[in-house]
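Subject: Structure handover and notes

Dear colleague,

My notes on what was found in it follow directly after.

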Amino acid sequence: MRCLRPSDLLMSDNFSPNKAASLRVGSTSPSRRLGDGHQADIRDIERFLSGDIGGFEALVERYRRQAYAIALGLTGNHDDAMDALQKAFLRVHRALPRFHRELPFFPWLYRIVRNAALNQKRDEKRHRGEIPLEWVRKPDGQPSPLEQTVAGDLRERLWICLEELPLEQREVFMLYHFQGLKYRQIAAALNVPIGTVMSRLHAARLQLRRCLGEEALG
Amino acid sequence: MKNDSRDGRRPNSERLPFDPAREAPLLSAYVDGELDADQVARVEAHLASHPETRHEVSRLRRLKEVTGAMKLLDAPDEEWETFWNNIYNRAERSLGWFALTLGAVLVGGYGLYLAVASLLSTSELPWFVKGGIFALCFGVFLLLVSLIRERIYVRKRTRYDEIKR
């Protein structure tokens, strides 16, 4: 199984803020899904509860990429993230009959994936970077060699700085920046007040800025 | 909260001034567009007369630009192609381990019972050997019960406890 270096989990896209909106994991925004997709989730859950495994498979298909990103952000490497993801979906499969259908699905899933990822990280102390890696970029918009060097350096530093954040700040930061969730959605996923989300995200940014250094931010 | 104006903002006279020392997280929320109209008005009133806070906001914006230009990589396509197989394999193995453990406990327990009963019924064994065998079996039984109890307890009480059902 291929293993990715932690710093390669982040991919620079030529530092274009205009592209930020397109830089979320997966093709569908979770924020939109939380608003529109509840009925689809419930329909699939009910299909599953009536004995149609296709309902479960549809749920997994809908959320697996986001769930992978959550696991990846918390475990820090691809293999652990995949293991955690499989365990999490098995857990979902067993726990789905007890899911309260009046609640949104994503926060519930988030907590399961989060716990699976944290358990995985605790249980598996994998050696990172032993397997040869490949540079992953989008085929369009190739940067100059200089830009590529700077992007690679900053990407690696950002990942190191993210790993140094306390867990509660790190997950808020990742949910906001890499999952594209709004504050209220993060609050729902973590079961904390919005003010807590706000203060954790701000604290994370201040620490990241200190860690990266002002010169790195231009 | 009293909202008198059409845009949902309170009149300036009713609004508490923004305090950057106590309310610094509002600056991040301002950059993210997550504040309500009244909070935006408070922050902007402060920014209008405090260049150092404006500088702080611009630094937060720059950080957001940089971090916004990064994303977590998706898993390789070949991983997703085998994803379902891996899930089903894991489920099968989980069931397999359960059956194997149950069978081992039943068969092993019965074998142990036969062996101990046979040994204890042998009259030529000294009393302390019989006592040792009894202690050994009692210890194994106690450890097994303790292990099962711990597994049941852990399953009920930890890891996924905070998940809302």
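Phe134(B) and Phe138(B) lie 4 residues apart in helix α6 (residues 127–157) of chain B, and are therefore separated by about one helical turn. This is a predicted model, so please read what follows with that in mind. The accessibility of these two residues puts them in separate classes: Phe134(B), at 54% relative accessibility, counts as exposed, while Phe138(B), at 46% relative accessibility, counts as partly exposed.

Chain B as a whole is made of 6 helices and 1 strand, and its elements follow the order α-α-α-β-α-α-α when read from the N terminus. Of the 165 residues in chain B, 27% are buried. Among the contacts in chain B with a separation of 6 or more, 43% are between residues 24 or more positions apart.

Turning to the aromatic residues, the count over all chains comes to 16 aromatic pairs. One of them joins Phe105(A) and Trp108(A), whose ring centres are 5.7 Å apart and whose planes stand at 50 degrees, so that this pair is classed as tilted. Phe105(A) and Trp108(A) are 3 residues apart in helix α5 of chain A, which means that about one helical turn separates them. Both Phe105(A) and Trp108(A) are buried. Phe134(B) and Phe138(B) also form an aromatic pair, in this case a stacked one, with 6.4 Å from centre to centre and 10 degrees between the planes. There is also a cluster linked by ring pairs, to which Phe48(A), Phe56(A), Tyr68(A) and Phe89(A) belong from chain A, together with Trp80(B), Phe83(B), Trp84(B) and Tyr88(B) from chain B.

Is Arg64(A) buried or exposed? Its relative accessibility is 10%, and Arg64(A) therefore counts as buried, the cut-off for that class being under 20%. Setting aside residues up to four places away in sequence, Arg64(A) touches Leu85(A) and Phe89(A) in its own chain, and Trp80(B), Phe83(B) and Trp84(B) in chain B.

Leu59(A) also has its place in helix α3 of chain A, and because its relative accessibility is 2%, Leu59(A) counts as buried. Which residues is Leu59(A) in contact with, once its neighbours within four places in sequence are left aside? They are Asp41(A), Asp44(A), Ile45(A), Leu96(A) and Phe105(A). The C-alpha atom of Leu59(A) is separated by 9.7 Å from that of Arg43(A), a residue 16 residues apart from it along the chain.

The next point is how helices of chain A pack. Helix α3 (residues 53–75) of chain A and helix α5 (residues 105–123) of chain A have axes that come within 9 Å and cross at roughly 40 degrees, which makes α3(A) oblique to α5(A). The crossing of α3(A) and α5(A) is right-handed. On the α3(A) side the residues that meet α5(A) include Leu59(A), Tyr63(A), Ala67(A) and Ile70(A), and on the α5(A) side those that meet α3(A) include Phe105(A), Phe106(A), Leu109(A) and Val113(A). Sorted by class, the contact of α3(A) with α5(A) has 12 nonpolar, 3 polar and 2 charged residues.

Helix α8 (residues 183–190) of chain A packs with helix α9 (residues 194–212) of chain A at an angle of about 105 degrees, the axes being 8 Å apart, and α8(A) and α9(A) are therefore roughly perpendicular to each other. In this contact, Tyr183(A), Arg184(A), Ile186(A), Ala187(A) and Leu190(A) of α8(A) meet residues of α9(A), among them Ile194(A), Val197(A), Met198(A) and Leu201(A). The contact of α8(A) with α9(A) has 8 nonpolar, no polar and 3 charged residues. Because 6 of the 8 residues of α8(A) are buried, this helix is largely enclosed by the rest of the structure; the buried residues in α8(A) are Tyr183(A), Gln185(A), Ile186(A), Ala187(A), Ala189(A) and Leu190(A). Just after α8(A), Asn191(A) takes a positive phi of about 60 degrees.

With best regards

Terms used. Residues are numbered from 1 along each chain as its sequence is written. Chains are lettered from A and ligands numbered from 1 in the order in which they are written. This is a predicted model: local features need pLDDT of at least 70, side-chain atom pairs count only at pLDDT 80 or more; totals for chains, interfaces and linings use all residues. Side-chain values use heavy atoms; hydrogens and water are left out. Axes are lines fitted to C-alpha atoms, for helices over the stretch in contact, and angles run from 0 to 180 degrees between N-to-C directions. Helices (H or I, at least four residues) and strands (E, at least two) are DSSP runs, numbered from the N terminus. Angles under 35 degrees count as roughly parallel, over 145 as roughly antiparallel, 65 to 115 as roughly perpendicular and the rest as oblique. Contact means heavy atoms within 4.5 Å. Ala, Val, Leu, Ile, Met, Phe, Trp, Tyr, Cys and Pro count as nonpolar, Asp, Glu, Lys and Arg as charged, and the others, Gly among them, as polar. A crossing is left-handed if the near helix is turned anticlockwise from the far one by less than a right angle, and right-handed if clockwise. Rings of Phe, Tyr and Trp (its six-membered ring) pair if their centres lie within 6.5 Å; planes under 30 degrees apart count as stacked, over 60 as edge-to-face and the rest as tilted. Buried means under 20% relative accessible area, exposed over 50%, partly exposed in between (1.4 Å probe, protein chains only).
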